[in-house]
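Subject: Structure handover

Hello,

Please find the structure below. My notes on it follow.

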Amino acid sequence: MLKFPCLVLDHDDTVVQSEATVNYPFFCQILDQFRPGARITLQEYTDGCFHLGFADMCRQWFGFTEQELVDEYHGWMKYVETHIPAPFPGIENVIRRQKEQGGLICVVSHSCIQNITRDYSTHFGILPDDIYGWDLPEEKRKPSSYPLAQIMVKYGLSPAQMLVVDDMKPAYDMASRVGAPIAFAAWSRENSPGIVSEMEKLCNYSFHSTAALEKFLFD
């Protein structure tokens with residue numbers, strides 16, 4: 001019997017290594033275009049996304065308008081067509097074993113459906129059972145409880161039957177609103193000790209490797 005019938009996985013920097021290789025480099029390009037002379041380091045980008053979420057970081061730190069957020073999104077969509085992030089070593093084992101044992105894989109992410117399905121198909125040959133991504137209206141995206149509420153209704157699950165796996169605080173906010181347990185994907189944040197410390201205090205579980213998560217779930 002599966003420990004959690006449903007895994008609710010984040011995508012960027014939980015399943016695929018996208019922040020440093022895709023999302024941050026593109027944001028530097030768009031920042032140079034929209035706010036010439038403005039600069040942001042990778043650590044500042046990480047911290048902004050962690051504490052504020054991407055959209056509010058853009059608004060509060062750089063004064064992005066709503067139209068600029070839309071334009072950034074369309075530019076990012078085009079950029080990621082030719083920049084495919086690699087998966088974290090070992091995460092395929094978690095996804096494959098969950099599916100082979102009859103469990104659900106649902107993705108709640110600030111990436112979009114098109115990119116998530118491409119990455120799963122390319123790297124794993126598996127598609128998630130459900131995806132709640134950036135395509136949703138902002139008020140329904142993580143940290144809103146909307147994705148988890150929809151998953152529970154659709155599949156007849158209680159909060160305790162889901163495990164949220166994520167590397168960022170908006171997922172904790174989302175999970176806590178419905179009482180679902182959350183595991184911190186610490187394998188992607190080893191270079192951010194402040195984030196590791198805060199998330200380990202907030203989350204029910206923390207795993208510093210995908211192998212440790214696999215062992216917890218299945219062994």
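Is Tyr73 buried or exposed? Tyr73 counts as buried because its relative accessibility is 17% (buried is under 20% relative accessible area, exposed over 50%, partly exposed in between; 1.4 Å probe, protein chains only).

This is a predicted model, in which local features need pLDDT of at least 70 and side-chain atom pairs count only at pLDDT 80 or more, while totals for chains, interfaces and linings use all residues. Residues are numbered from 1 along each chain as its sequence is written, and side-chain values use heavy atoms, without hydrogens and water.

Tyr73 sits in helix α4 (residues 66-80); helices (H or I, at least four residues) and strands (E, at least two) are DSSP runs, numbered from the N terminus. Leaving aside residues up to four places away in sequence, Tyr73 touches Cys112, Trp134 and Asp135 (contact: heavy atoms within 4.5 Å).

The structure has 16 salt bridges (a side-chain nitrogen of Lys or Arg within 4 Å of a carboxyl oxygen of Asp or Glu). One of them joins Lys142 to Asp10, with the closest N and O atoms 3.1 Å apart. Lys142 lies in the loop between β3 (130-132) and α7 (146-155) and Asp10 in the loop between β1 (6-9) and α1 (19-34), so the pair ties together parts 132 residues apart in sequence. Lys142 is buried at 6% relative accessibility, and Asp10 is buried at 4%.

Asp129 and Lys99 also form a salt bridge (2.9 Å, N to O). Asp56, Arg59, Glu66 and Glu138 are linked in a salt-bridge network.

Regards
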